[in-house]
Every structure is written in structure tokens, then in C-alpha cells.
Amino acid sequence: MTLRELFSGIAELDSATAGIAAAGVAADSRAVRPGDVFVALAGSKTDGARFVAEAVAAGAAAVVSDHALTETPAVPFLRVANARRALALLAAKIYPRQPGTIAAVTGTSGKTSVAAFTRQIWARLGHAAASVGTVGLVTPARAVYGSLTTPDPVALHRMLDEVAGEGVTHLVMEASSHGLDQHRLDGVRVTAGAFTNLSRDHLDYHATVVAYLAAKLRLFSDLILPGGAAVISADHAESEAVLAVARARHLRVMTVGRGGDGIRLCDVARDGFAQTLTLEHEGRTYVVRLPLAGAFQIENALVAAGLALATGGAPDRVFEALGHLEGASGRLELAGTRHGAPVFIDYAHKPDALAKVLEALRPFARGRLVVVFGAGGDRDAGKRPLMGEIAARGADIVIVTDDNPRGEDAGAIRAAILKAAPGAREIGDRAAAIRAGVALLEPGDVLLIAGKGHETGQIVGDRVLPFSDHAAVAAALAGEGP
Ligand SMILES: Nc1ncnc2c1ncn2[C@@H]1O[C@H](COP(=O)(O)OP(=O)(O)OP(=O)(O)O)[C@@H](O)[C@H]1O
Ligand SMILES: [Mg+2]
């Protein structure tokens, strides 16, 4: 491929530059191979422009940036309006194959669950379906544990190209607000987008809630292809704003939920840890037994069903599939029981999610609702007192413990939570906190271990110590440990 082909539609090149051969693209100078285009991004920690000489020494064929370089490189330099966007578009050219149907889901909570559910529904409809996000990549052939909710564009497009080559026709991805804001998805051919909800999160990164909403709205305003679909959970204050953007683009809009007119939730009856839903779609009524607990899983299931309908699924089969959904790992997952009292593991690590999951579990507690949780270090400190307050209000017994203190003093994080949760117990060691919670359980009680979900490590300083809530609960139930 020549630079002309690589840059067509992205930047104008002079004729001398246009004929140069291009091999690939990289934003990390250490990843540059001979013939690659090096894109210098201005990051929050360091400016890629500082590594231009290194990239050129490694064989870069050209350098791209959206700001002036201090030294003129020995290879062609292309100035673009937005280097992050250019990186995404270049990556899509280098790795051109993508599944024909790509859905992206955004919102504060529920992305991982909606992605898992959408993949499961598609699979039941007979499609070769995959999902990518917080829990990694899952395809019919393999599951690769990953960490970033929205990977960098080069890794993302390499992966899309690979799975398309493996025959995956339907792919659903989590679109984080960081990812949308940083243009990481700009080269993805998104045919359907979904919005779950919006609440306080990542405010350390997005200065205001308005900026946060604007970042999420990029999915609807910029990314979904013309003629594509937008599935919107209807029951939130922000739903209207999303709807307005989707309508302005003439997307095929479907709203879901109690206030939805694409899929209307008419009635919910609790049935053990399952729920029987009465739904209305295009004038017909469907009764579905959703094998999951919690109001928020209904929201997630309906958004996923909306995506399946919007991408061509037959209603009968889509609603039938809801009866077979399996929860994503660590999302309101029943991990065991003691004296008949259930122990749930849930990934709630944000105020709204914690409130929702306590609310979801309250009906199951004839006795006491016990919660074990903490808050992460080096992240929005404002959510610590909020979470303390929510736990104190929503649970009967609160045990505050550690959850990825990272570079901060774990005791100080706990103190910030405890200040807002009078009467809470403090047990820093997470395994000990889980043992204490389990030891309290009597018939009728419910225990929630919140914050880690599927995670397999505790981040202390810059080290990741192996830790799993699943393993800790199993050990506590087996009566192991001091
Ligand atoms: N629709 C929802 N509304 C409110 N809370 C939810 C919803 N769905 C899930 N949650 C809560 O949020 C937690 C995380 O859910 P999930 O992993 O699906 O969200 P996410 O959007 O992928 O989060 P992240 O941005 O961390 O990847 C769940 O464990 C649950 O406590
Ligand atoms: Mg996620």
C-alpha cells in the first residue's frame, strides 16, 4: 500500500510523498516497524512528538500529528486536524475487514451486560456472534481476557479484521466515554448504537456531566452509519437528549423500557431469582421469563433485545432468546449460600450501580442485607462519600474494605467512605472482610460483595496482587482461612 492509498480521505499528500510505500501504523514509537506511519498523539502524561526521532530511527515512513513538531523529521510530516481521529481511520485502512453488523453500546452502567446479552441473542438466532469490552473478547471460537473497555484503535482494528476473517458476522462492543471522546471508534463501521443510562462516573476525567454526556452522544451524532439504528433506554432524564440527537441524524430509533415505544415493559413479576416480563412490541404481547434478578438486568436485556431487533432479528425468536440469557461474570451473580442465605458478587463500583444493586437485592432479604465494598484509589474521590451514604442507606450491615487502592493510602480511602457510613465496620483485608460477611449470615439474610465482579487482581501501588471475589467467597463458604 502507498501513502496515497493509506491517506485517501484522511489527508492530502504532495506527489513525492504519495508514492512512498506504507506498511502499518503505530502510535507507540516502540511498536514502529520499518515502513510504518507514526502518529504522534498528545497524551495526558506525555506528548508523542517527543518520540519522533525514535520512531524515525525505527524506520517510520512518515510522521502524523495535529500540532507542530519541535524538530523537522527526516521523513515526510503530515499535519492533520485531529491526530486521534487520523490514527483510528488509518488503523481501519491497514486492517480493513470488519464484521458486517457492528453494534456499540454506551452508558454509565450496563455496557458489559448488554454486550454479553446481545451476543447471546444473536448466537441463538444462528449468527456467528462476538462481543468485546471489559471482560475481553468472546467469539464462537475463543475467549480472550482483556482489560480495556475500548481498546486503542490499532489493537481494535487488528482484532476486528481477525474476527471478521474467522467468520464472525455480528459483533457488539462496549463504547466507553473515554473511547468515544478519544476518537478510538472513529474507524469502526457501526450499524447500530445503544444507550443504557447516565450517572456520576469518571468525573475525574470529564470535567462536567455535560461534557460526559456529549462524549457519549458522539456515538449517535458521529459514529453510527447513515441509515443505522439507535436503541435507547427510555426511562432516564437523559434519554430525551440522546433521542433528539438520534432523530436529528434520521437514525432508525427504538426506545425500550416502561416509557419505551419499541419494546414496552408492561409488567414485571418476581419469580425466585428470575423475573417474568410482559412486553409489547409492534402491537403484540410477549411474556418472557428472564432468568436474572434485578430491575437493571431488565433494562440491559431490553436494550440487547432492541439491538437484536434493529439488526434484523425476528421478534418471536428474539424474545424467546431472552428466556435463555446468562449473566456476565460478576454481574449480580449468585456465588453460593450459607444457611440458605445467598451470597452475590457484583461489579458495582460506582454510586449509582451500588444503589441499584442494593435495591435489586432488598426484596430477597427477609432478614438483613449485608454489603462488603470499597472504592478505588487514583480515581474520582468524590464518589467515596456518595458510596458510603448509599451503602448505609441501602444495607443493614456495612463492611468497608479495600478495592484497588493503587497509589493511594488504602486507610485514607476507607476513612472517606466510613465518614459517610456511620456504624459501618472497617476490615481492610478484602478476604477477611468477605469471611466476616459470610460468618454473619443467618437464614433470610443476603450478602453482597460489590466492586470487583469478574476482576482477578487487587491493585496495590503499581502491583496487581492475585485476588478474586469468587475464590474468596468459595474459601469463606468452605470455612477456610484464619
Ligand atoms: N442498567 C443498569 N443500571 C444501573 N446499574 C447497572 C446496570 N447494569 C449494570 N449495573 C450495575 O453496574 C455494574 C457494572 O455493570 P456492567 O459491567 O454491565 O457495566 P459497564 O457499563 O460495562 O461498566 P464499565 O464502564 O465499568 O465497563 C453491575 O455489576 C451492576 O451493579
Ligand atoms: Mg464494561
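1. The protein chain falls into domain 1 (3-83), domain 2 (95-322) and domain 3 (333-477), with bounds taken from an automatic or database domain assignment. Between domain 1 and domain 2, the C-alpha centres are 34 Å apart.

2. This is a predicted model, in which local features need pLDDT of at least 70 and side-chain atom pairs count only at pLDDT 80 or more, while totals for chains, interfaces and linings use all residues. Residues are numbered from 1 along each chain as its sequence is written, and chains are lettered from A and ligands numbered from 1 in the order in which they are written.

3. Ligand 1 is surrounded by 23 residues, and G110, K111, T112, A348 and A353 are the closest; a residue counts as near if its C-beta atom, placed from the backbone, lies within 6 Å of the molecule. Both domain 2 (95-322) and domain 3 (333-477) give residues to this shell, so ligand 1 lies between them.

4. Two or more residues of the shell around ligand 1 come from each of α5 (111-124), α10 (295-310) and α12 (351-361). Of the elements, α12 gives the most, four residues. Helices are DSSP runs (H or I, at least four residues), numbered from the N terminus.

5. By class, the shell around ligand 1 has five nonpolar, 11 polar and seven charged residues. Here Ala, Val, Leu, Ile, Met, Phe, Trp, Tyr, Cys and Pro count as nonpolar, Asp, Glu, Lys and Arg as charged, and the others, Gly among them, as polar.

6. The axes of α5 and α10 cross at roughly 45° and come within 8 Å; axes are lines fitted to C-alpha atoms, for helices over the stretch in contact, and angles run from 0 to 180 degrees between N-to-C directions. α5 is therefore oblique to α10 (under 35 degrees is roughly parallel, over 145 roughly antiparallel, 65 to 115 roughly perpendicular, the rest oblique).

7. In the contact of these helices, S113, V114, F117, T118, I121 and W122 of α5 meet Q297, N300, A301, V303, A304, A305, L307 and A308 of α10, contact being C-beta atoms, placed from the backbone, within 7 Å. The contact of α5 with α10 has 10 nonpolar, four polar and no charged residues.

8. In a second pair, helix α13 (residues 383-394) packs against helix α14 (residues 410-418) at about 50°, with axes 7 Å apart, and α13 and α14 are therefore oblique to each other. R384, P385, M387 and G388 in α13 meet I413, A416, I417 and L418 in α14. The residues of this contact are six nonpolar, one polar and one charged.

Notes: Contact = placed C-beta atoms within 7 Å.
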